[in-house]
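The following note sets out a reading of the structure in numbered points. Please consider them alongside the sequence and the coordinates.

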Amino acid sequence: MRAQFILSETWTNLRRNVAMLLSLTLVTFISFLFIGASVLTQAQITKAKGDWYDKVEVVVWLCPDGTSQSANCASGKAPSAKEITDLQKTIRDELNDVVANINYVSKQDFYDNTFTKQYPNGEFQGRTLTADDMQDSLWLKLKDPTKYQVVAEVLSGKEGVEDVTDQRQIFDPVFAVLNRATAVTAVLAGVMVLVAILLTGTTIRMSAASRRTETEIMRYVGASNWTIRLPFILEGAIASLIGSVLSCLMLSVIVRVFITGWLAQSVTWIPYVNQITVLMMSPFLVLGAVLLSVIASTVSLRRYLRA
């Protein structure tokens, strides 16, 4: 009987405050849509970073024939086959704990397999380059991609080495932009959550104030504080539940249409978040929304429904 009474009172509250509850549902929807977008962005960064960092290599550019700004290339000649072999031996001896694999790439191989794919016909900044304009190189696969600095310190001063570059430098600016986007989204989400909490408290207080006479009568006939308060708490929780579920559905649609259905088909070399990612985060979004609503409602009711 008590459960039936509480549900009946909750339904009555919902019917009486449709406009305010719609407002609360909409604010919750927008708030948790921002939160979900922030989480998805960070998940995308983590997913891409894990995949790319496992593939990136450290490139040891060897001295070219001709002039070079590096002091290691003062002779003006590219290292001989013996010098390259000696350099590989040095890497194995001094960086055995860091380097997993060494791959020698001649300037002809680099031109055919890398340069011309990025610049068709060898055209670069108004010039047509050939394999003779390229450099021999050593591509190092690291056991731990974060140990780039160790490799650079060992090899930068070696004879025949012009430069040591880390491919992560290509991706780090992209990740920096995405991290800033995540921060902006998180700030917006925080503002909207604050708005949702304040609106929840206001809505529940207005609902309680409009039924103050009824709640006083209920107290006189012996109803407990929780029996009186629970219908109002459920009122806010239901609105937040609907709003958060809608935000999860919208995130699912966004991922399906714009990520899986479009971006993943256009740019295939990047691993993307998917419906499983949305499914895994959705329970936390819904639970968080309901929990915030319950807390906000409970606190706001203390002012109007004190024993």
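Predicted model: local features only at pLDDT ≥ 70, side-chain atom pairs only at ≥ 80, totals over all residues.

1. The structure holds 1 disulfide, the term being used for a pair of cysteine sulfur atoms within 2.5 Å. A disulfide is a covalent bond between the sulfur atoms of two cysteines. Here the partners are C63 and C73, with an S to S distance of 1.8 Å. The link of C63 and C73 is left-handed, with -80 degrees about the S-S bond. Both C63 and C73 lie in the loop between β1 (58-62) and α3 (81-94), so the pair ties together parts that are 10 residues apart in sequence.

2. Residues are numbered from 1 along each chain as its sequence is written, and side-chain values use heavy atoms, with hydrogens and water left out.

3. As to overall architecture, the protein chain has 9 helices and 6 strands. These are DSSP runs numbered from the N terminus, helices being H or I of at least four residues and strands being E of at least two. Of the 307 residues, 40% count as buried. The chain exposes about 17,500 Å², of which carbon and sulfur atoms supply 62%; accessible areas come from the Shrake-Rupley method with a 1.4 Å probe, and for residues only the protein chains shown count as cover. Among contacts (heavy atoms within 4.5 Å) with a separation of 6 or more, 81% come from residues 24 or more positions apart.

4. Which residues touch the most other members of the largest nonpolar core? They are I91, V99, L138, L140, V151 and L155, in a core of 19 residues. A nonpolar core is a set of buried Ala, Val, Leu, Ile, Met, Phe, Trp, Tyr and Cys residues joined through side-chain atoms within 4.5 Å. Two or more residues each are given to this core by β1, α3, β2 (99-105), β5 (137-142), α5 (148-155) and β6 (161-166). The largest share, 4 residues, comes from α5.

5. Leaving aside residues up to four places away in sequence, V99 touches I91, L140, K141, L142, K143 and V151. A second, separate core of 18 residues includes I45, W52, V278 and V286. In soluble globular proteins, nonpolar side chains tend to be buried together.

6. Helix α8 (residues 225-266) contains V245, and S247 lies in helix α8 too. V245 is partly exposed, with a relative accessible area of 35%, whereas S247 is buried, at 0%. With residues up to four places away in sequence not counted, S247 touches F29, F32 and L33. V245 also belongs to a nonpolar surface patch of about 470 Å², made together with I238, L241, I242, L246 and L249. Patches are made of residues with over 30% relative accessible area and no salt bridge; like charges are joined within 9 Å, and nonpolar side chains (Val, Leu, Ile, Met, Phe, Trp, Tyr) within 5 Å. A salt bridge is a side-chain nitrogen of Lys or Arg within 4 Å of a carboxyl oxygen of Asp or Glu.

7. Helix α6 (residues 168-210) holds A176, and A183 is placed in helix α6 as well. A176 is partly exposed at 28%, and A183 is partly exposed at 42%. The C-alpha atoms of A176 and I45 are 9.6 Å apart, although these residues are 131 residues apart in sequence. A183 and Q42 are 141 residues apart along the chain, with their C-alpha atoms separated by 9.4 Å.

8. Most residues other than glycine have a negative phi, and most peptide bonds are trans. N121 has a positive phi of about 65 degrees; N121 lies in the loop between α4 (107-118) and β3 (123-124) and counts as exposed, at 61% relative accessibility. Q125 has a positive phi near 50 degrees. Q125 is found in the loop between β3 and β4 (127-128) and is exposed, with a relative accessible area of 70%.

Conventions:
Buried < 20%, exposed > 50% of the residue type's maximum accessible area, 1.4 Å probe, protein only.
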